[in-house]
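I opened this model with a pencil in hand and kept short notes. Follow along in the viewer if you like.

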Protein chains: 2
Amino acid sequence: MTIRDVARRAGVAVSTASLALNGKPNVSPEVARRVRRAALELGYKPNAVARSLKTRRTQLISLVVADVTNPFFSAMARGAEEALSRRGYSLIICNTDEDAAKEAQLLDVCLHKKVDGVLLVPTGEQHAAIRALAEESRPLVLLDRLAPWMDADAVLSDNIGGAYAATQHLIETGHRRIGLIAGHVLVSAIRERVAGHVRALRDHGIRRNKELTVWAGHTSRGGYEACLELLKLEPPPTAIFSANNLMVRGAMIAVRELGLTWPDDVSLIGFDDFEEAELVTPPVTAVAQQPFQMGLRAGELLLDRLERGNSPTERRQLRLETSLVHRGSVATPHAGCEEVIEEAKRTTCPPHGVGGAEHKALHDVQYQGGIGNA
Amino acid sequence: MTIRDVARRAGVAVSTASLALNGKPNVSPEVARRVRRAALELGYKPNAVARSLKTRRTQLISLVVADVTNPFFSAMARGAEEALSRRGYSLIICNTDEDAAKEAQLLDVCLHKKVDGVLLVPTGEQHAAIRALAEESRPLVLLDRLAPWMDADAVLSDNIGGAYAATQHLIETGHRRIGLIAGHVLVSAIRERVAGHVRALRDHGIRRNKELTVWAGHTSRGGYEACLELLKLEPPPTAIFSANNLMVRGAMIAVRELGLTWPDDVSLIGFDDFEEAELVTPPVTAVAQQPFQMGLRAGELLLDRLERGNSPTERRQLRLETSLVHRGSVATPHAGCEEVIEEAKRTTCPPHGVGGAEHKALHDVQYQGGIGNA
DNA sequence: TGCTATACTCGAAACGGTTCGATTGAGCAA
DNA sequence: TTGCTCAATCGAACCGTTTCGAGTATAGCA
């Protein structure tokens, strides 16, 4: 069942049949009708592989993420599929587990399979596969993170803003000693969140205490261990900000395991909202991202490039809003902890203006402001 | 950069280069070495599309599920990808949203793209795309559910056993009036769970009360509405068994919203475990499935068929064990409900043997057994 | 009536591999 | 030397499309 059969049945040449079926001009209405009917009667469907060979288009896009099992990424995948399937494209899913070698290998396979484009959540490490991608000038859209050594379109969250809002919320609720569970340093999203956090501290005149930042793996286990580490500090932080969804889960488990509760013993706030945040008691406050939208927009961006011929015009970068979802996991530092607050006061310093990326020397001066409202 | 370039560089014919690169016999070690070196020097990678056209193999498998966003399916996807990527296959993900038309359309696209095989969680409705699949004798492995009108390999959970165990657990904890949130009737897994539930009731001499079974959509919303409906009954059930993960979430929300708590006001048990089940307080008891394993085994099964030439030998069907994960959401019916229990007693009847699929007439006799232990 | 522009239609050449059957030549026995 | 076998190599066909350049008929126009 090939186009040859259709052509024969319609009594035309193969090339004419092809033109007719693809709605190209310069084919008489009469012939076009005959060809279409023949195709219908035979139940003809073009062989996409053969077509791909000739047209150099496979209508295949690959999405490379750390792990589809992570709700953040699965929502992203869903969004991408939504955008792509509408236009006849299919989505290939690859899981890297944040492993650069795996990433390289998977990208390689996709390249040989001639995917039309790639949606990538980069591990952050550099390797040949990415270069190969660029060399074949196959469109690439980065998701969630940037890779500084790679110039490509990107769809990201407003990480700085989100982290700033979360931290500010904690500060305004009275926290001064805030633990931060970060993630891989190589991940730009994480660095941005840390930056947002630090900026909020600075803007509120709180000196950053390095021991309060723990760099963990992007897993529940990583968050768990980091949280234990934080809570072992003397004095422990009164609030913990976790820079991704898996890690906040781990943190919750750690808190529970120590026989503590939030927000009474320690306030909890997460980056990236997740379903259970709502079901847990008390529900967990979080900075919500829009993973589905990210996938959707990235998919659209990619298709745009593809159909507009990947014109190497300026790079397009999209920042999607985050929003702080207030739930019940943040409260005024508990009463039994005045000494902690005192301690915190001693280590704070006066605010010194908003913004400004340069690192000013921080003065160890008594902080003047109040503790903040509940 | 084609095999032609490699052949030229190595000073051999194209066909010889092909043989050498594919490790076929009948090529001298000397020539093989020269060809491999040429390929390496040129950075040659075969064009998978061209190869596919000739070999009729694309190394592409599609996974068709309701929604990757559902952790059950994303774990499945991950398992499948695991099995496939090992052997150089890639996974295309398609979301049907339980919509048969969408399923048909997506399968159609995959067919034209010439995927080597399909992993399918069928909506349950019949349509042409499936037949087309069989006609082209492309291997198919069913996941999670069967479609009675379709003869194919399958990897499933022990739904009957799992539902039986869950129900038995409720009964042994003292429940007699058990609400069941079912799902789509067309979904075999759901029917099996209902069957397991009913069998457990029967085996413990409890007459099934139809009003206690609510058929809902497979969503959180569906579970929510069904749960409200159940709790509005007079008297309400003392326990609710929800036949999938999304629906139990909805049920939890409904219970909360009514100002009730589990297990005090109503015991809760779910089919298919999910991460948050553990984090919620009290954590929710559930029948755990093995979605990752299901995907993995299904992928392996498919590859087996593919590489063994899809010999139409007997169908292979795998049932994966389920396990009841005891947590804190099941307890003895609450004290304020003796009348409910009395009521329940009145509607029960003596046990009449285990197993046996035939529906015996149930006798309306006072149930003799005790209430069971906590 | 003849000429040209236009509208269709067609055959053949790609696309980049694999594979089949033919060819070559070396090795060996008679 | 001849004849035969077998391994190594090669050329060409093929997979199923698209597309290009050429060919043909028709209509319009002078």
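Predicted model: local features only at pLDDT ≥ 70, side-chain atom pairs only at ≥ 80, totals over all residues.

Before the sheet, a definition: I count two strands as paired if DSSP finds at least two bridges between them. Helices (H or I, at least four residues) and strands (E, at least two) are DSSP runs, numbered from the N terminus.

Residues are numbered from 1 along each chain as its sequence is written, and chains are lettered from A and ligands numbered from 1 in the order in which they are written.

**Entry: the sheet of chain A.** I traced an open sheet of six strands with mixed pairing, in the order β7-β6-β8-β9-β10-β12 (chain A). β7 (213–214) and β12 (323–325) of chain A are at the edges with a single partner strand each, so one side of each has no neighbour in the sheet. β6 (178–181) of chain A pairs with β7(A) in the parallel sense over two bridges, and there I found Ile181(A) bridged to Val214(A).

Axes are lines fitted to C-alpha atoms, for helices over the stretch in contact, and angles run from 0 to 180 degrees between N-to-C directions. α8 (159–172) of chain A lies across β6, β8, β9, β10 and β12 of chain A, at about 170° to β9(A). α11(A) touches β6, β8 and β9 of chain A and makes about 160° with β9(A).

**Entry: the two chains.** How many residues does each chain bring to the contact? I noted 35 from chain A and 35 from chain B. On the chain A side, α5(A) gives the largest share, six residues. β2(A) and β2 (90–95) of chain B pair antiparallel over three bridges, with Leu91(B) as the bridge partner of Ile93(A).

I checked the symmetry by least squares on the C-alpha atoms of residues with pLDDT of at least 70 in both copies. A rotation of 180° with 0.0 Å of shift along its axis puts chain A on chain B, RMSD 0.1 Å. That is the relation of a two-fold axis. The copies meet through the same surface, because 100% of the interface residues of chain A are also interface residues in chain B.

**Entry: DNA strand D.** Here "near" means a C-beta atom, placed from the backbone, within 6 Å. Of the 25 residues around DNA strand D, those that come nearest include Ile3(A), Ser15(A) and Val12(B). α4(A) supplies the largest share of this surface, five residues.

Technical notes:
Contact = placed C-beta atoms within 7 Å.
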